[in-house]
Amino acid sequence: MSAFSKKLSLAMIVKNEARCLARCLRSVMNIADEIVVVDTGSTDSTVRIAEEFNATVARFGWINDFSAARNFALGKTTGDWILVLDADEFATEALALEIQKFVQGPPVIGRLKIVSGFQFNGQIQRSQSFVSRLFPRGAQFAGRIHEQVVSSLPRVNLRGELSHDGYLETGKSDRNVKLLLAELKREPGNAYFLFQLALEYASLDEPDKSFQCLQKALARMQPGDPFAPNIVVDFLYAAIALKKFTAGLEVIASAGNRLDDFPDFHHVCGLFYMNLVRSDAAAYIGEVPKIEQSFRRCLALGETDKYKSVHGTGTFLANYNLGVFHHVLDNQAEAQHCFQSAAQQGYAPAEAMLRKLKPSHSAANMPSNA
(Lines give C-alpha, C1' and ligand atoms only; values in the text may rest on other atoms or scores of the structure.)
Protein backbone atom coordinates (compact mmCIF):
# COMPACT_ATOMS: atom_id res chain seq x y z
CA MET A 1 0.00 0.00 0.00
CA SER A 2 1.52 3.35 -1.04
CA ALA A 3 1.69 6.38 1.24
CA PHE A 4 -1.25 7.86 -0.67
CA SER A 5 -3.47 4.77 -0.66
CA LYS A 6 -6.44 4.45 1.66
CA LYS A 7 -6.55 1.41 3.92
CA LEU A 8 -9.65 -0.79 3.57
CA SER A 9 -10.92 -2.87 6.48
CA LEU A 10 -13.45 -5.66 6.12
CA ALA A 11 -15.76 -5.89 9.14
CA MET A 12 -18.02 -8.89 9.69
CA ILE A 13 -20.20 -10.40 12.40
CA VAL A 14 -20.70 -14.17 12.20
CA LYS A 15 -22.18 -17.18 13.93
CA ASN A 16 -21.91 -20.76 12.61
CA GLU A 17 -21.03 -19.71 9.07
CA ALA A 18 -18.65 -22.54 8.17
CA ARG A 19 -20.75 -23.28 5.06
CA CYS A 20 -19.92 -20.02 3.34
CA LEU A 21 -17.37 -17.89 5.23
CA ALA A 22 -14.35 -18.98 3.16
CA ARG A 23 -16.20 -18.15 -0.07
CA CYS A 24 -16.95 -14.66 1.21
CA LEU A 25 -13.42 -13.95 2.44
CA ARG A 26 -11.86 -15.33 -0.71
CA SER A 27 -13.87 -12.92 -2.83
CA VAL A 28 -12.35 -9.81 -1.20
CA MET A 29 -9.08 -11.01 0.32
CA ASN A 30 -7.04 -9.30 -2.41
CA ILE A 31 -8.54 -5.85 -1.77
CA ALA A 32 -8.97 -5.85 2.03
CA ASP A 33 -5.91 -4.61 3.91
CA GLU A 34 -7.42 -5.91 7.14
CA ILE A 35 -10.10 -8.49 8.00
CA VAL A 36 -11.99 -8.20 11.28
CA VAL A 37 -14.38 -11.03 12.13
CA VAL A 38 -16.52 -10.75 15.27
CA ASP A 39 -17.95 -14.08 16.38
CA THR A 40 -21.18 -14.07 18.38
CA GLY A 41 -21.11 -17.68 19.58
CA SER A 42 -20.15 -20.15 16.85
CA THR A 43 -20.00 -23.84 17.67
CA ASP A 44 -18.71 -24.98 14.26
CA SER A 45 -15.42 -24.25 12.47
CA THR A 46 -16.23 -20.60 11.69
CA VAL A 47 -13.48 -19.15 13.87
CA ARG A 48 -10.84 -21.53 12.51
CA ILE A 49 -11.76 -20.57 8.94
CA ALA A 50 -11.49 -16.87 9.76
CA GLU A 51 -8.05 -17.43 11.30
CA GLU A 52 -6.92 -19.26 8.15
CA PHE A 53 -7.49 -15.96 6.29
CA ASN A 54 -5.35 -14.10 8.89
CA ALA A 55 -8.41 -12.33 10.25
CA THR A 56 -8.44 -10.50 13.54
CA VAL A 57 -11.05 -12.49 15.47
CA ALA A 58 -12.94 -11.03 18.43
CA ARG A 59 -15.81 -12.38 20.50
CA PHE A 60 -19.02 -10.53 21.25
CA GLY A 61 -21.74 -11.89 23.50
CA TRP A 62 -25.01 -11.80 21.57
CA ILE A 63 -27.50 -9.33 23.07
CA ASN A 64 -30.20 -9.48 20.37
CA ASP A 65 -28.95 -6.28 18.75
CA PHE A 66 -27.32 -6.35 15.32
CA SER A 67 -26.17 -2.72 15.47
CA ALA A 68 -24.39 -3.31 18.76
CA ALA A 69 -22.47 -6.20 17.21
CA ARG A 70 -21.79 -4.28 13.98
CA ASN A 71 -20.48 -1.24 15.86
CA PHE A 72 -18.32 -3.46 18.06
CA ALA A 73 -16.76 -4.85 14.87
CA LEU A 74 -16.24 -1.33 13.48
CA GLY A 75 -14.40 -0.44 16.69
CA LYS A 76 -11.90 -3.23 16.05
CA THR A 77 -10.93 -1.93 12.59
CA THR A 78 -8.07 0.47 11.80
CA GLY A 79 -8.78 1.28 8.15
CA ASP A 80 -9.67 4.58 6.49
CA TRP A 81 -12.63 2.83 4.84
CA ILE A 82 -14.86 0.03 6.08
CA LEU A 83 -16.47 -2.69 3.97
CA VAL A 84 -19.25 -4.60 5.74
CA LEU A 85 -20.25 -8.03 4.45
CA ASP A 86 -22.25 -10.98 5.74
CA ALA A 87 -20.82 -14.47 5.46
CA ASP A 88 -23.53 -15.61 3.03
CA GLU A 89 -22.50 -12.92 0.55
CA PHE A 90 -19.61 -12.81 -1.89
CA ALA A 91 -18.34 -10.16 -4.27
CA THR A 92 -17.90 -10.66 -7.97
CA GLU A 93 -14.46 -9.89 -9.34
CA ALA A 94 -15.90 -6.78 -11.01
CA LEU A 95 -17.27 -5.49 -7.71
CA ALA A 96 -13.99 -6.15 -5.88
CA LEU A 97 -12.09 -4.07 -8.43
CA GLU A 98 -14.73 -1.35 -8.26
CA ILE A 99 -14.45 -1.19 -4.46
CA GLN A 100 -10.69 -0.94 -4.71
CA LYS A 101 -11.00 2.16 -6.90
CA PHE A 102 -13.95 3.61 -4.96
CA VAL A 103 -12.09 3.94 -1.67
CA GLN A 104 -9.44 6.13 -3.28
CA GLY A 105 -12.13 8.71 -4.03
CA PRO A 106 -13.98 11.32 -1.94
CA PRO A 107 -15.76 10.45 1.33
CA VAL A 108 -19.19 9.11 0.37
CA ILE A 109 -21.30 6.10 1.30
CA GLY A 110 -21.09 3.24 -1.21
CA ARG A 111 -24.32 1.33 -1.80
CA LEU A 112 -23.64 -2.22 -3.01
CA LYS A 113 -25.99 -4.04 -5.36
CA ILE A 114 -27.00 -7.17 -3.44
CA VAL A 115 -28.43 -9.90 -5.68
CA SER A 116 -30.33 -12.41 -3.54
CA GLY A 117 -31.62 -15.84 -4.52
CA PHE A 118 -34.95 -16.88 -3.03
CA GLN A 119 -37.60 -19.56 -3.48
CA PHE A 120 -40.92 -18.61 -5.07
CA ASN A 121 -43.51 -21.09 -6.32
CA GLY A 122 -40.93 -23.84 -6.38
CA GLN A 123 -38.43 -21.82 -8.41
CA ILE A 124 -35.25 -19.99 -7.46
CA GLN A 125 -35.57 -16.35 -8.44
CA ARG A 126 -33.31 -13.36 -7.87
CA SER A 127 -34.00 -9.93 -6.43
CA GLN A 128 -31.68 -6.96 -6.30
CA SER A 129 -31.42 -3.98 -3.98
CA PHE A 130 -28.81 -1.37 -3.08
CA VAL A 131 -27.59 -1.32 0.54
CA SER A 132 -25.07 1.00 2.23
CA ARG A 133 -22.08 -1.20 3.05
CA LEU A 134 -18.95 0.80 2.18
CA PHE A 135 -18.07 3.97 4.06
CA PRO A 136 -15.27 6.06 5.57
CA ARG A 137 -14.33 5.57 9.20
CA GLY A 138 -16.71 7.30 11.59
CA ALA A 139 -20.09 6.04 10.39
CA GLN A 140 -22.12 3.82 12.73
CA PHE A 141 -25.10 1.47 12.56
CA ALA A 142 -28.51 1.98 14.19
CA GLY A 143 -31.37 -0.49 14.63
CA ARG A 144 -31.66 -3.73 16.56
CA ILE A 145 -32.43 -5.61 13.32
CA HIS A 146 -32.24 -4.62 9.65
CA GLU A 147 -29.72 -2.09 10.86
CA GLN A 148 -28.90 0.99 8.80
CA VAL A 149 -25.76 3.11 8.38
CA VAL A 150 -26.19 6.52 10.01
CA SER A 151 -24.29 9.23 8.12
CA SER A 152 -24.93 12.59 6.46
CA LEU A 153 -22.56 11.74 3.60
CA PRO A 154 -24.04 11.38 0.10
CA ARG A 155 -24.74 7.84 -1.11
CA VAL A 156 -23.52 6.43 -4.40
CA ASN A 157 -24.48 3.14 -6.08
CA LEU A 158 -21.74 0.79 -7.21
CA ARG A 159 -22.44 -1.31 -10.31
CA GLY A 160 -20.80 -4.64 -9.50
CA GLU A 161 -22.83 -7.39 -7.85
CA LEU A 162 -22.69 -8.79 -4.33
CA SER A 163 -24.26 -12.24 -4.48
CA HIS A 164 -26.32 -13.44 -1.51
CA ASP A 165 -27.76 -16.92 -0.94
CA GLY A 166 -28.85 -16.61 2.69
CA TYR A 167 -32.56 -16.53 1.83
CA LEU A 168 -32.19 -20.09 0.54
CA GLU A 169 -31.23 -21.18 4.05
CA THR A 170 -33.78 -21.63 6.83
CA GLY A 171 -33.78 -21.26 10.59
CA LYS A 172 -33.35 -17.52 11.18
CA SER A 173 -36.94 -16.33 10.85
CA ASP A 174 -37.96 -17.28 14.41
CA ARG A 175 -35.09 -15.19 15.80
CA ASN A 176 -35.92 -12.29 13.50
CA VAL A 177 -39.61 -12.32 14.45
CA LYS A 178 -38.69 -11.93 18.13
CA LEU A 179 -36.37 -9.01 17.39
CA LEU A 180 -38.90 -7.28 15.15
CA LEU A 181 -41.68 -7.69 17.71
CA ALA A 182 -39.38 -6.10 20.30
CA GLU A 183 -38.72 -3.17 17.96
CA LEU A 184 -42.44 -2.76 17.30
CA LYS A 185 -43.12 -2.71 21.01
CA ARG A 186 -40.95 0.42 21.14
CA GLU A 187 -42.29 1.85 17.85
CA PRO A 188 -45.75 0.35 17.18
CA GLY A 189 -46.34 2.41 14.05
CA ASN A 190 -43.02 1.79 12.33
CA ALA A 191 -43.95 0.78 8.77
CA TYR A 192 -40.48 -0.57 7.98
CA PHE A 193 -40.49 -3.01 10.90
CA LEU A 194 -44.07 -4.06 10.06
CA PHE A 195 -42.95 -4.75 6.49
CA GLN A 196 -39.95 -6.79 7.61
CA LEU A 197 -42.14 -8.73 10.04
CA ALA A 198 -44.52 -9.52 7.18
CA LEU A 199 -41.60 -10.95 5.19
CA GLU A 200 -40.58 -13.15 8.11
CA TYR A 201 -44.12 -14.46 8.57
CA ALA A 202 -44.28 -15.20 4.85
CA SER A 203 -41.07 -17.24 5.09
CA LEU A 204 -42.61 -19.14 8.02
CA ASP A 205 -45.66 -19.90 5.85
CA GLU A 206 -48.02 -17.82 7.99
CA PRO A 207 -49.81 -15.87 5.24
CA ASP A 208 -52.58 -14.44 7.42
CA LYS A 209 -50.11 -12.85 9.84
CA SER A 210 -48.05 -11.58 6.92
CA PHE A 211 -51.11 -10.00 5.30
CA GLN A 212 -52.12 -8.30 8.56
CA CYS A 213 -48.65 -6.78 8.94
CA LEU A 214 -48.70 -5.57 5.34
CA GLN A 215 -52.10 -3.95 5.89
CA LYS A 216 -50.72 -2.06 8.89
CA ALA A 217 -47.56 -1.12 6.99
CA LEU A 218 -49.63 0.25 4.11
CA ALA A 219 -51.63 2.42 6.50
CA ARG A 220 -48.52 3.81 8.20
CA MET A 221 -46.00 4.19 5.38
CA GLN A 222 -45.21 7.50 3.72
CA PRO A 223 -45.16 7.66 -0.10
CA GLY A 224 -41.54 8.78 -0.01
CA ASP A 225 -40.32 5.86 2.09
CA PRO A 226 -37.80 3.90 0.00
CA PHE A 227 -39.45 0.60 0.96
CA ALA A 228 -43.03 1.78 0.27
CA PRO A 229 -43.18 0.43 -3.33
CA ASN A 230 -42.24 -3.04 -2.08
CA ILE A 231 -44.91 -2.94 0.62
CA VAL A 232 -47.47 -2.36 -2.14
CA VAL A 233 -46.10 -5.18 -4.31
CA ASP A 234 -45.88 -7.68 -1.45
CA PHE A 235 -49.38 -6.73 -0.30
CA LEU A 236 -50.73 -7.58 -3.76
CA TYR A 237 -48.96 -10.95 -3.76
CA ALA A 238 -50.47 -11.66 -0.35
CA ALA A 239 -53.89 -10.55 -1.60
CA ILE A 240 -53.60 -13.02 -4.49
CA ALA A 241 -52.62 -15.87 -2.17
CA LEU A 242 -55.50 -15.19 0.24
CA LYS A 243 -58.00 -14.15 -2.48
CA LYS A 244 -58.43 -10.72 -0.91
CA PHE A 245 -59.38 -9.22 -4.26
CA THR A 246 -61.42 -6.24 -3.03
CA ALA A 247 -58.51 -5.04 -0.88
CA GLY A 248 -56.12 -5.59 -3.77
CA LEU A 249 -58.20 -3.55 -6.21
CA GLU A 250 -58.25 -0.65 -3.76
CA VAL A 251 -54.47 -0.69 -3.42
CA ILE A 252 -53.94 -0.85 -7.19
CA ALA A 253 -56.25 2.12 -7.67
CA SER A 254 -54.47 4.21 -5.04
CA ALA A 255 -50.87 3.29 -5.97
CA GLY A 256 -51.00 3.03 -9.76
CA ASN A 257 -49.78 6.51 -10.74
CA ARG A 258 -47.01 6.60 -8.14
CA LEU A 259 -45.58 3.25 -9.24
CA ASP A 260 -46.00 3.52 -12.99
CA ASP A 261 -42.23 3.18 -13.53
CA PHE A 262 -41.88 0.05 -11.36
CA PRO A 263 -41.96 -3.19 -13.39
CA ASP A 264 -42.57 -5.33 -10.30
CA PHE A 265 -45.77 -3.41 -9.61
CA HIS A 266 -47.11 -3.96 -13.12
CA HIS A 267 -46.02 -7.61 -13.01
CA VAL A 268 -47.95 -8.35 -9.82
CA CYS A 269 -50.90 -6.39 -11.24
CA GLY A 270 -50.92 -8.70 -14.26
CA LEU A 271 -50.91 -11.74 -11.98
CA PHE A 272 -53.57 -10.15 -9.77
CA TYR A 273 -55.92 -9.56 -12.71
CA MET A 274 -55.30 -13.11 -13.95
CA ASN A 275 -56.38 -14.52 -10.59
CA LEU A 276 -59.23 -12.05 -10.28
CA VAL A 277 -60.75 -13.18 -13.59
CA ARG A 278 -60.24 -16.83 -12.66
CA SER A 279 -62.11 -16.26 -9.40
CA ASP A 280 -65.27 -15.03 -11.16
CA ALA A 281 -65.00 -14.70 -14.94
CA ALA A 282 -68.55 -13.43 -15.35
CA ALA A 283 -68.10 -10.63 -12.83
CA TYR A 284 -64.64 -9.56 -13.92
CA ILE A 285 -64.57 -10.21 -17.67
CA GLY A 286 -64.01 -6.49 -18.21
CA GLU A 287 -60.63 -6.72 -16.45
CA VAL A 288 -59.16 -9.15 -19.02
CA PRO A 289 -57.45 -6.43 -21.13
CA LYS A 290 -55.61 -5.23 -18.03
CA ILE A 291 -53.73 -8.52 -17.87
CA GLU A 292 -51.99 -7.90 -21.19
CA GLN A 293 -51.63 -4.18 -20.50
CA SER A 294 -49.80 -4.89 -17.25
CA PHE A 295 -47.27 -7.30 -18.74
CA ARG A 296 -46.74 -5.08 -21.79
CA ARG A 297 -45.96 -2.19 -19.45
CA CYS A 298 -43.35 -4.39 -17.71
CA LEU A 299 -41.66 -5.06 -21.02
CA ALA A 300 -41.76 -1.39 -21.99
CA LEU A 301 -40.01 -0.47 -18.73
CA GLY A 302 -37.46 -3.29 -18.72
CA GLU A 303 -35.33 -4.07 -15.68
CA THR A 304 -34.80 -1.35 -13.06
CA ASP A 305 -32.12 -0.22 -10.64
CA LYS A 306 -34.36 2.41 -9.09
CA TYR A 307 -36.25 -0.02 -6.83
CA LYS A 308 -35.65 -3.27 -5.01
CA SER A 309 -36.73 -5.52 -7.85
CA VAL A 310 -37.08 -9.17 -8.81
CA HIS A 311 -34.88 -9.98 -11.78
CA GLY A 312 -37.01 -10.74 -14.83
CA THR A 313 -40.11 -8.68 -14.06
CA GLY A 314 -39.17 -6.33 -16.88
CA THR A 315 -38.09 -9.10 -19.25
CA PHE A 316 -38.48 -12.90 -19.17
CA LEU A 317 -41.03 -13.21 -16.33
CA ALA A 318 -43.31 -10.69 -18.03
CA ASN A 319 -42.88 -12.45 -21.38
CA TYR A 320 -43.59 -15.82 -19.82
CA ASN A 321 -46.82 -14.68 -18.14
CA LEU A 322 -47.88 -12.85 -21.28
CA GLY A 323 -47.35 -16.14 -23.09
CA VAL A 324 -49.54 -17.93 -20.54
CA PHE A 325 -52.24 -15.31 -21.09
CA HIS A 326 -52.24 -15.80 -24.88
CA HIS A 327 -52.02 -19.57 -24.51
CA VAL A 328 -55.21 -19.57 -22.40
CA LEU A 329 -56.91 -17.43 -25.05
CA ASP A 330 -55.67 -19.88 -27.73
CA ASN A 331 -53.56 -17.20 -29.42
CA GLN A 332 -50.87 -19.80 -29.97
CA ALA A 333 -48.67 -17.83 -32.37
CA GLU A 334 -48.42 -14.92 -29.94
CA ALA A 335 -47.95 -17.29 -27.01
CA GLN A 336 -45.11 -19.01 -28.83
CA HIS A 337 -43.43 -15.66 -29.54
CA CYS A 338 -43.59 -14.68 -25.87
CA PHE A 339 -42.33 -18.04 -24.64
CA GLN A 340 -39.47 -17.91 -27.13
CA SER A 341 -38.45 -14.48 -25.88
CA ALA A 342 -38.42 -15.74 -22.29
CA ALA A 343 -36.62 -18.97 -23.22
CA GLN A 344 -33.87 -17.02 -25.00
CA GLN A 345 -33.01 -15.55 -21.60
CA GLY A 346 -32.70 -19.01 -20.09
CA TYR A 347 -36.07 -19.21 -18.34
CA ALA A 348 -36.71 -22.96 -18.05
CA PRO A 349 -40.53 -22.83 -17.58
CA ALA A 350 -40.79 -21.01 -20.92
CA GLU A 351 -38.74 -23.73 -22.60
CA ALA A 352 -41.12 -26.31 -21.09
CA MET A 353 -44.15 -24.44 -22.42
CA LEU A 354 -42.66 -24.30 -25.91
CA ARG A 355 -42.38 -28.08 -25.90
CA LYS A 356 -46.08 -28.36 -25.00
CA LEU A 357 -47.42 -25.92 -27.58
CA LYS A 358 -49.08 -27.20 -30.70
CA PRO A 359 -47.20 -26.21 -33.87
CA SER A 360 -48.22 -22.78 -35.03
CA HIS A 361 -50.20 -22.42 -38.24
CA SER A 362 -47.15 -21.22 -40.12
CA ALA A 363 -45.01 -24.06 -38.86
CA ALA A 364 -47.68 -26.63 -39.75
CA ASN A 365 -47.66 -25.43 -43.34
CA MET A 366 -43.94 -25.29 -43.80
CA PRO A 367 -42.41 -27.66 -46.39
CA SER A 368 -41.54 -31.03 -44.88
CA ASN A 369 -37.89 -30.62 -45.81
CA ALA A 370 -37.55 -27.21 -44.07
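Which residues in H7 meet which residues in H8? The close-ups below come from a predicted model.

**View 1. Helices H7 and H8 pack against each other.** From H7 (residues 207-220), the residues Pro207, Asp208, Phe211, Leu214, Gln215, Ala217 and Leu218 meet Ile231, Val232, Asp234, Phe235, Ala238, Ala239 and Leu242 in H8. Sorted by class, that contact has 11 nonpolar, one polar and two charged residues. The axes sit 10 Å apart at an angle of about 140°, and the crossing is left-handed.

**View 2. Asn230 in helix H8.** Here's a buried residue: Asn230 has 10% relative accessibility. Skipping neighbours within four places in sequence, Asn230 is in contact with Phe195, Phe262 and Lys308.

**View 3. Arg144 pairs with Glu183 in a salt bridge.** The closest N and O atoms are 3.3 Å apart. Arg144 comes from the loop between strands E8 and E9 and Glu183 from helix H5, so the bridge ties together parts 39 residues apart in sequence. Glu183 is buried at 1% relative accessibility, while Arg144 is partly exposed at 26%.

**View 4. Asp261 and Lys306 form a salt bridge.** Their closest N and O atoms are 2.7 Å apart. This one links two loops, H9 to H10 for Asp261 and H12 to E11 for Lys306, 45 residues apart. Asp261 is partly exposed at 28%; Lys306 is exposed at 61%.

**View 5. Arg296 of H12 bridges to Glu334 of H14.** The closest N and O atoms are 3.1 Å apart, and the two residues are 38 residues apart in the chain. Both ends are partly exposed, Arg296 at 34% and Glu334 at 26%.

Definitions and conventions:
Residues are numbered from 1 along each chain as its sequence is written. This is a predicted model: local features need pLDDT of at least 70, side-chain atom pairs count only at pLDDT 80 or more; totals for chains, interfaces and linings use all residues. Side-chain values use heavy atoms; hydrogens and water are left out. Axes are lines fitted to C-alpha atoms, for helices over the stretch in contact, and angles run from 0 to 180 degrees between N-to-C directions. Helices (H or I, at least four residues) and strands (E, at least two) are DSSP runs, numbered from the N terminus. A crossing is left-handed if the near helix is turned anticlockwise from the far one by less than a right angle, and right-handed if clockwise. Contact means heavy atoms within 4.5 Å. Ala, Val, Leu, Ile, Met, Phe, Trp, Tyr, Cys and Pro count as nonpolar, Asp, Glu, Lys and Arg as charged, and the others, Gly among them, as polar. Buried means under 20% relative accessible area, exposed over 50%, partly exposed in between (1.4 Å probe, protein chains only). A salt bridge is a side-chain nitrogen of Lys or Arg within 4 Å of a carboxyl oxygen of Asp or Glu.
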